[in-house]
Amino acid sequence: MAGIGRRGFVKGATVGATIGALAFAVGGVEIIMTAQEARARGVPFRLLDGHQGEALEALGETLVPSAREAGIAHFIDQQLSVPPTESLLQARIFNFRPPFADFYRSAIVAVDAGSNKMFGRDFVLLSTADQRAFVDLMRQNKVEGWTGRPGALVYAVLRADAVDVVYGTMEGYEALGIPYMPHIPPEKRW
Amino acid sequence: MSNEKVDVVIVGAGASGSVYASVLAKAGKKVVLLESGPDWELSDLISSEIWGRRIKPAGAPILLEGKNPMTYAAQGGWGVGGAALHYFANFPRLLPTDFRIKSEHSRAHDWPIAYEDVAPFYDKVARDTGVSGDAKAEEKWRPAGEAYPMPPMKTFRNGDIWLKGFDAAGIRMVPAPVGMNSVEYHGRPACLYDGWCHVGCPIGALANPQITYLGNARKAGAEVRALSTVTRILTNQAGTRVTGVEYYDDKHGKQIQEANVVVLAAWSAQNPRLLLNSATDKHAKGLSNSSGLVGKFMMSHHVASTWGMFDEDTQNHMGTIAVQYMSYEHYPKTSHPGAFGSSFITAGFALKTTDLAVSRADLFGPELADYMKQAARHLAGIKTFGEEQPRMENRVELTGEKDEFGMPLGKLFHSYDEDAVALWNANLEEGLKVARAAGAREAWSARGAMPTSHLMGGTIMGTGADNSVVNSFGQSHEIPNLWIAGPSIFPTAGASNPTFTIFALSQRGAERMASQWSTLTN
Ligand SMILES: Cc1cc2nc3c(=O)[nH]c(=O)nc-3n(C[C@H](O)[C@H](O)[C@H](O)COP(=O)(O)OP(=O)(O)OC[C@H]3O[C@@H](n4cnc5c(N)ncnc54)[C@H](O)[C@@H]3O)c2cc1C
Ligand code: SF4
C-alpha cells in the first residue's frame, strides 16, 4: 500500500505532540511528562485525595517493587481525569463501567476496612511484612469481612496497573534487557 | 435528521462489515458504513501495551453474568477496523466435521452448508488479504485447496523449543497460517517480527481491514461515518421489509439513514441487542425473532495455556503475536476420553512484559521482580483453543438500564458446561506433558478463571425460521432485505480462531447479495 514503509515510517509523520505522553496540570498549565516525573515534581492530584494517593502508592509498591517511584498514583489519578474513551487504565479491559474512579475509591475503602480489622490500622501505616501478608490474603479472597468487589479482582487490577507503570514503559523494557523495537514509539518513552 | 437514501447501510466497520462494503461498493452499490468508534489511522497504532488500550472498547454497553463471564472488552473492537484492527491474525479454518456435528455426534446443530461450500471463499480471502502458511502440510487433516499465497512465517526458539515435546506426545505440528506477510505482498511490506501486532501493525504487514477490504471499499466509493452509533433498525408499516436505521452521530444528534438493504455487522453481542431493540407491533419479540432464538446460543472458545521456563534463551521478544505452529491432531470431537469437542493446538508467540507478568498472576512483590527477570529470557508458551457447544442458556438479553443514547444495555450470560470444563482440563494436562517432554525446567498451567476467547452465536444460521435466525448467507429468514454478518451467524464454534471463517462467510454472503440484488430492492 502506498505510503506505508518499514519501521520508523511514522517518525516524520503525524504523531502529535501529546500522543504517547500524559498531560499533567502544573500551576494551571498543562505539561506533558511521565507519571514518574509528575510524582518527582510533586504535581498535585486532580481527583484523588492525599490519603487515596498514598494508599495507591503503598498498594502498588507492595504488588510491584518500584511502582511508587514510577508514579502509580499519578498515573491512575491523571487517567481518571480523562474521558473513559481515552483512558489507558486496565479497568477498561476488565469491562468496568465508567466512571472508573468508583472502583479505585471503593477498593481503597475496602482495603482500609480490612486492614483496620486485621491490624487496627490503615494499610499505608502497616509494616512492609504486614502489607505483604494482607495483599496475599486479598489475592485469595481471604480477607475477613471484605466488602465490595472481590479482593482477587482488586488485586488483579491494581497489580496490572503497577505492572504497567513499572514494566510497560520503554524504561521498564530496558531494565529487563528486552529490546523494545517499536514501530511508533510512545513519546516521553511511554 | 434524514440522509439521502443509499443502497446498503452497514452497521459496524469491523471484520465482517468491511468485506460486505468492499464487495458491494465494487459491484456499484452506494454503501454507507456506520461505526460507533473513531476512524483510526495507521499512525494511531502506537507500539505500547499501555497506549494500545485507546483502541479498545470503553464502557462496554454489555453487562456480564454467569459462571464464566465473557471477557467482553478484551475481546472486542471499537472503531474503524473493529477488533480486527488489533487482532492476532491467526487464520486457521474450520474443518468438515464442524459443519455436521449433529449428524456425526447427535450434538448441537449441523450447519446448513458444508465445508466445501466455504472452501473456495477461504482461498479467495487468502489471495485477497494475504495469508502466509503451508497448505500442503495442513492437508493431512483437511481437503486439499489452493496453496497460501506466501510461504510460512519465520520461527523463533519460543516456538521451535516445543517441537520435541509435541513429537513425544505424538502431535504433529505444522506452520500456522496467519494473515501476515512473510514476504512483501500486494505492495505491503514483510513482517519485522517485533510482536506489536496486538496494538495494531502500522506498517501494513498484518492484514487488518483498514488496509485490505475497507481500503478497497473506500476506493470504490463507500462512505465510512465514524462515531455513529446505531440504536434501531427501522421497518415499513407492514413489517415486511427494513427501511434503514436510526443512529446518533458524533455530536449525539439523532439521524435516520434509509437504505434498500441493512447489514448488521456489529459483532456477536451487539447484533442481537440491536434486533431485540428494534421490536415493533409486527415484530413484538424483536426483528427476525419469531423463533425466539435472537440472542441465544452465545459461544466462546476456552483456551488452555501452558507455560514453560527453559534453561536456554527462548528469544521471546521475537516473532509476532500470532502463533508459529499449529495442529489439528486433536480436532476430532472425541479426541479426549471423557470430554467432547474439538481442540486446536498452537505454540510459539512473542511476549510483551504484560504477558510475562500475567503468566504468573499469583506472584507479587520481590518474587514477581525476580520472576520477571527470568521470564524475560527463558519463558515460552503453548495455547490450545477448545470448542464450546451451543446452549440456549448462554444468551444476550436487554436490561432495564440504558446507555447514553437511551438504548437498553445488553446482558450477556455465559457459563461453560461440563463438557467444556472436561476438555479444558484435558488440554491443560496434555500441555504439561508436552512442556516436560520439551525439556522445560519448570512447567505450569494457567489455571484460575477459565478463559473466554472469541464470541460467536446470537443470530445463528440454519435451514428455516423454526430453528435459526438467518440462512447460510446471513439473510434473515423473515425479512429478506435484512442481513447479518460476523461470528453471530455461526451455529457452532469449532475450535479454530473464527476470523478467517468470518471473512469467508462474509465474502460468500456479499457475493450472494450482489447476485440477488433485484429481489432485495424496495
Ligand atoms: C486482541 C484480539 C485478538 C484476536 N485475535 C484473533 C486471531 O488471531 N484470529 C481470529 O480469527 N480472530 C481473532 N480475534 C477476533 C476477531 O478480531 C473477531 O472475531 C472479528 O473482528 C469479529 O468480526 P466482527 O465484524 O463481527 O466484529 P468487529 O471486527 O469487532 O467489528 C464490529 C464493529 O461494530 C461496531 N459497532 C458495535 N455496535 C455498533 C453500533 N450499535 N453502531 C455502530 N457500530 C457498532 C464496533 O465498534 C466494531 O468496530 C481477536 C480479537 C481480539 C480483540
Ligand atoms: S510483528 Fe510483524 S505483523 Fe506484528 S506488528 Fe510487527 S511488523 Fe506488524
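## A loop in chain A

A:Pro99 sits in the loop of chain A between helices α4 (90–93) and α5 (101–119). Helices here are DSSP runs of H or I with at least four residues, strands are runs of E with at least two, and both are numbered from the N terminus. The peptide bond leading from A:Pro98 to A:Pro99 is cis, and its omega is near 0 degrees. Most peptide bonds are trans.

Before going further, note that this is a predicted model, in which local features need pLDDT of at least 70, side-chain atom pairs count only at pLDDT 80 or more, and totals for chains, interfaces and linings use all residues. Residues are numbered from 1 along each chain as its sequence is written, chains are lettered from A and ligands numbered from 1 in the order in which they are written, and side-chain values use heavy atoms, leaving out hydrogens and water.

## Where the two chains meet

Let us look at the interface. Chain B brings 61 residues to the contact and chain A brings 55 residues, where contact means heavy atoms within 4.5 Å. Together the chains bury about 4800 Å², with 63% of it on carbon and sulfur atoms; buried area is the accessible area (1.4 Å probe) that two parts lose on being put together, summed over both.

There are 3 salt bridges between chain B and chain A (a side-chain nitrogen of Lys or Arg within 4 Å of a carboxyl oxygen of Asp or Glu). A:Arg97 makes a salt bridge with B:Glu401, and their closest N and O atoms are 2.5 Å apart. On the chain B side that touches chain A, α11(B) gives the most, with 8 residues.

Helix α1 (residues 15–26) of chain B has 12 residues and reaches 17 Å from its first C-alpha to its last, close to the 16 Å expected at 1.5 Å a residue. That expected span is 1.5 Å times one less than the number of residues. Because 11 of its 12 residues are buried, α1(B) is largely enclosed by the rest of the structure. Buried means under 20% relative accessible area, exposed means over 50%, and partly exposed lies in between (1.4 Å probe, protein chains only). The buried residues of α1(B) pack against several elements of chain B, including β1 (6–11), β2 (31–34) and α13. Just after α1(B), B:Gly28 has a positive phi of about 90 degrees.

Helix α13 (residues 499–515) of chain B has 17 residues. Here 13 of the 17 residues are buried, so α13(B) is also largely enclosed by the rest of the structure.

## A buried glutamate

Is B:Glu387 buried or exposed? B:Glu387 is buried, with a relative accessible area of 1%. This residue lies in the loop between β12 (379–386) and β13 of chain B. A polar atom of the B:Glu387 side chain lies 2.9 Å from the backbone nitrogen of B:Ser342. Leaving aside neighbours within four places in sequence, B:Glu387 is in contact with residues including B:Asp98, B:His301, B:Lys333 and B:Thr492.

## Positive phi angles

Most residues other than glycine have a negative phi. B:His252, in the loop between β7 (242–248) and β8 of chain B, has a positive phi near 65 degrees. B:His252 counts as partly exposed, at 43% relative accessibility. B:Gln315 also has a positive phi, near 50 degrees, and its relative accessible area of 29% makes it partly exposed.

Definitions and conventions. A polar contact is a pair of N or O atoms within 3.5 Å; within protein, one must be able to donate a hydrogen and the other to accept it, and residues adjacent in sequence count only if both atoms are side-chain atoms.
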